[in-house]
Amino acid sequence: METDEELFMEDSDSEPEFLEDELQVMKFEDLEEEMKVAIADLQDVLEVSPDICRVLLQKFKWNKDALLDRFYESSDAVSFLIDAHVLPSRSVSESEEEECQICCMEGRLTGPACNHKACTECWKAYVTEKIKEGQSEIECMTSNCKLIIEDSQVEQFIGDPIGIASYRRVLVNSFVRVSKNIKWCPGENCLKAVKVHQPSDSRLIVCPCGTRFCFTCGNEGHEPIDCNYLKKWLKRCMDDSETFNWIHANTKDCPKCSAPIEKNGGCNYMRCENTACRYEFCWMCFGAWKNEGAHSCNTFREKNAGGKTDREKSRVSLERYLFYYNRYIGHERSLKLEKKLKEKIARKMEEMQQLSMTWVEVQFLQKAVEVLSECRHTLKYTYAFAFYLKRENNAMMFEANQNDLEQATEQLSGFLERDLDRENLITLRQKVQDKSRYVEQRRKALLDHCNEGNDENIWVFNE
Amino acid sequence: MFTLSAHFPPVFAHVHFCRMASQLPRRIIKETQRLLADPVPGISANPDESNARYFHVMIAGPDDSPFAGGVFKLELFLPEEYPMAAPKVRFMTKIYHPNIDKLGRICLDILKDKWSPALQIRTVLLSIQALLSAPNPEDPLATDVAEQWKTNEAEAIKTAKQWTLSYAQA
């Protein structure tokens, strides 16, 4: 007899009631089990082997209804199975030959249902090669024979447990690849998959391993920017990073108008080529160039005067990109640096507990560091979002939100980095708690504003 | 009529091959023996003196093609995984063909995903010969050549003939 508890558990398992944002974390075994259930389900209807069911389901992206629709449309079951290459269209007569046609050695010959034969060594080498390529459905070795070898026979050909295990991984992988509502967690060493009830756009997933990723594109969480623009942005960052590096390595900004200037000669006399500026300065000290005639010069001059407007335009466009890129990458760098802060805070919390504070009383610090990195994370992607945003009223509201969040985040960061050792703990605690709460609210407000904008289509994007 | 045997005396190649054959898989030995003893018309394939997995190949341009009258040198290499993996084949002679690029790489399905261990060096070379007779600009490797082939076939064929005359003479 089952106990009440078991009954209850079984009940909750068989009918998983998903909430809107509920997700299920699946280990390798869970995925295999899910496949098995779907296979058994189909087997009840089709009455063919589980291996054939798996191949058919894979062909129809594990959509049983679509598969069955097609099955009932076909004239008869056998031709349906032949068309799907799971039954041989014709089976060649068994040859009496002892020599394998593939390796030309004598041996025990075997083969799938089509009766194309080879020795077991050749079959093993063949399926191993296909598994290495990640193929989940392996056709017969004979050219133009499209019969798919049954899973159990593939395993028989492989023969060793390690090989069979990698074949099973390939099968589960192919299942996950075509399942719209299941994705592998991209976290390092996390071998779990995440299943959602409804795949929705740019949905942020937090795996129990701590990895935060976007369900749609697999990148880390990237609110408020959507997957399409994120893709564009990342491509641009890749493409332009060389330009960016070159500018950093080879130019300095004019001390007066901040236009980037390349020093292409040995002379340290510089004159800004920006027509509105024309500032003359020394490359070395950035001071105004007063001592005329003291150097023989070879200053950088743009020769192509006709192309100036184009050049200016492209410079403005590059400057604009760099403005956002610098801030985007700046927050990313801060995020990395703040990993160290986490360690420092952990030590500080220990210290405080030794100084008569309780565990509960020091938790605010832990919480504050987490809030801080969430804000940095959000801020980082607000700059990618802003890069594509056209400036109009709504965009200005967004910028005000962004500005407010950024300032508050920097203040919080300041409290945690600088004031931690200096201030009275009671005042610090008050300040940190107030500020964390504030930034958390502001972060939420900013994202809500962005999401509402998406829903109501108010954002105007530059392509 | 041009004969290929003048370039690689088969007897000579055979002597060398037998000396190297001891460590080779039996399949490669058998294929090589058959290629030497019973060559495909218009194709010669001879193993290299120092590497029995490397073949010097010559294909005569098919009569019904713009490559007629030309002799095209190719190299063919059997990787370690052969026959589970396809041979690697490349044109050494410059050729104006939509499915063969500047580096001589060939766009042919049986050399890629349609490879089957049941295919052989012989079948691969026959397919390449057939590709010379029937260029397929719909599945191009050299996009510029394919474009020309589609928009102005007469001009493309003229260029192909020209290149055959300039580069593919024995």
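Helix axes are taken here as lines fitted to C-alpha atoms over the stretch in contact, and angles run from 0 to 180 degrees between N-to-C directions. Helices (H or I, at least four residues) and strands (E, at least two) are DSSP runs numbered from the N terminus. The model is a predicted one, in which local features need pLDDT of at least 70 and side-chain atom pairs count only at pLDDT 80 or more, while totals for chains, interfaces and linings use all residues. Residues are numbered from 1 along each chain as its sequence is written, and chains are lettered from A, and ligands numbered from 1, in the order in which they are written.

Helix α6 (residues 120–132) and helix α7 (residues 151–158) of chain A pack with their axes 8 Å apart, at an angle of about 110 degrees. α6(A) and α7(A) are therefore roughly perpendicular to each other, the class that covers 65 to 115 degrees. On the α6(A) side, T120(A), W123(A), K124(A), V127(A) and T128(A) meet V154(A), F157(A) and I158(A) of α7(A); two residues are in contact if their C-beta atoms, placed from the backbone, lie within 7 Å. This contact is made up of five nonpolar, two polar and one charged residues, where Ala, Val, Leu, Ile, Met, Phe, Trp, Tyr, Cys and Pro count as nonpolar, Asp, Glu, Lys and Arg as charged, and the others, Gly among them, as polar.

Between the chains, twelve residues of chain B are in contact with twelve residues of chain A.

Most residues other than glycine have a negative phi, and most peptide bonds are trans. In chain A, E47(A) is not a glycine, yet has a positive phi of about 55 degrees; E47(A) lies in the loop between α2 (28–46) and α3 (50–59). E47(A) is exposed, with 9 other C-beta atoms within 10 Å (buried means 20 or more such atoms, exposed 12 or fewer, and partly exposed in between, with C-beta atoms placed from the backbone). N189(A), in the loop between β4 (182–184) and β5 (193–196) of chain A, has a positive phi near 65 degrees. N189(A) counts as exposed, with 7 C-beta neighbours inside 10 Å.

One joins E223(A) and P224(A), with omega about 5 degrees, and P224(A) is found in the loop between β7 (212–214) and α9 (227–250) of chain A. Another joins Y82(B) and P83(B), with omega about 5 degrees; P83(B) sits in the loop between β3 (71–77) and β4 (88–91) of chain B.

Methods: Angles under 35 degrees count as roughly parallel, over 145 as roughly antiparallel, 65 to 115 as roughly perpendicular and the rest as oblique.
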